[in-house]
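My plan is to go element by element and to write down what I find.

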Amino acid sequence: MKRRLLNLLTVLSVLLCVVVAYLWARSYAPQEFVCRILDGKVLLLYVTPVHARQLEPGRQEYTNVRWVVDRFRAEPRNRLAWRVLGFEFVVGPDFRDSHSHVLVGLPFWLIALAAAGLLLALAHARRRYLVRPGLCAKCGYDLRGTPDRCPECGEMAKST
Ligand SMILES: [Zn+2]
């Protein structure tokens, strides 16, 4: 169980690494980066300035996120359009084209799972840190001077 969770976390962190590396490389491109949430996922969008204005509430050109994103998804010249389990990856025509776009969708379940996994890992690390010989099992205080009772929290030492 623990091994499986660790493997899953490893896969997720590799995936996150790839996405971050991709976004990093893309950050040097002249296109604009827009982040929106829709349909249970976080959408990372690389779009032309025209589309960026359509995605920005308050702008005169503002359309709405769903309309713009659905148009990206339905674009027949997309070089890649892949969707599975809430993940989404859409690569539009070449960026010299005015209709180009890149869309990366990350499902919220992934983010929630990653957060829960991190929490579990921290709890596990904390427990491992606290339950060590010579330290109070409750608060982790050093008990070398007072082995019977923790002066910090009052916990009685368990007889082993
Ligand atoms: Zn204590």
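This is a predicted model: local features need pLDDT of at least 70, side-chain atom pairs count only at pLDDT 80 or more; totals for chains, interfaces and linings use all residues.

**Entry on helix 1.** I then asked how many of its 25 residues are buried. The number is zero, so I noted that helix 1 lies largely in the open.

**Entry on strands 1 and 2.** I turned to strand 1 (residues 32-38) and strand 2 (residues 41-47), which run antiparallel and are joined by seven bridges. Within this pairing I found Cys35 opposite Leu44 of strand 2. The hairpin that these strands form has two residues between them, and I wrote down that Asp39 takes a positive phi near 55 degrees there.

**Entry on strand 5.** I next asked which residue of strand 5 is the bridge partner of Val42. The partner is Leu106, and I noted that strand 2 and strand 5 (residues 101-107) run antiparallel, with seven bridges joining them.

**Entry on strands 3 and 4.** I found that strand 3 (residues 80-84) is joined by five bridges to strand 4 (residues 87-91), the two running antiparallel, and that Leu80 stands opposite Val91 in strand 4. In their hairpin, with two residues between the strands, Leu85 takes a positive phi near 55 degrees. Of the five residues in strand 3 the number buried is zero, so this strand lies largely in the open.

Conventions. Residues are numbered from 1 along each chain as its sequence is written. A residue is buried if 20 or more other C-beta atoms lie within 10 Å of its own, exposed if 12 or fewer, and partly exposed in between; C-beta atoms are placed from the backbone. Helices (H or I, at least four residues) and strands (E, at least two) are DSSP runs, numbered from the N terminus. Two strands pair if DSSP finds at least two bridges between them.
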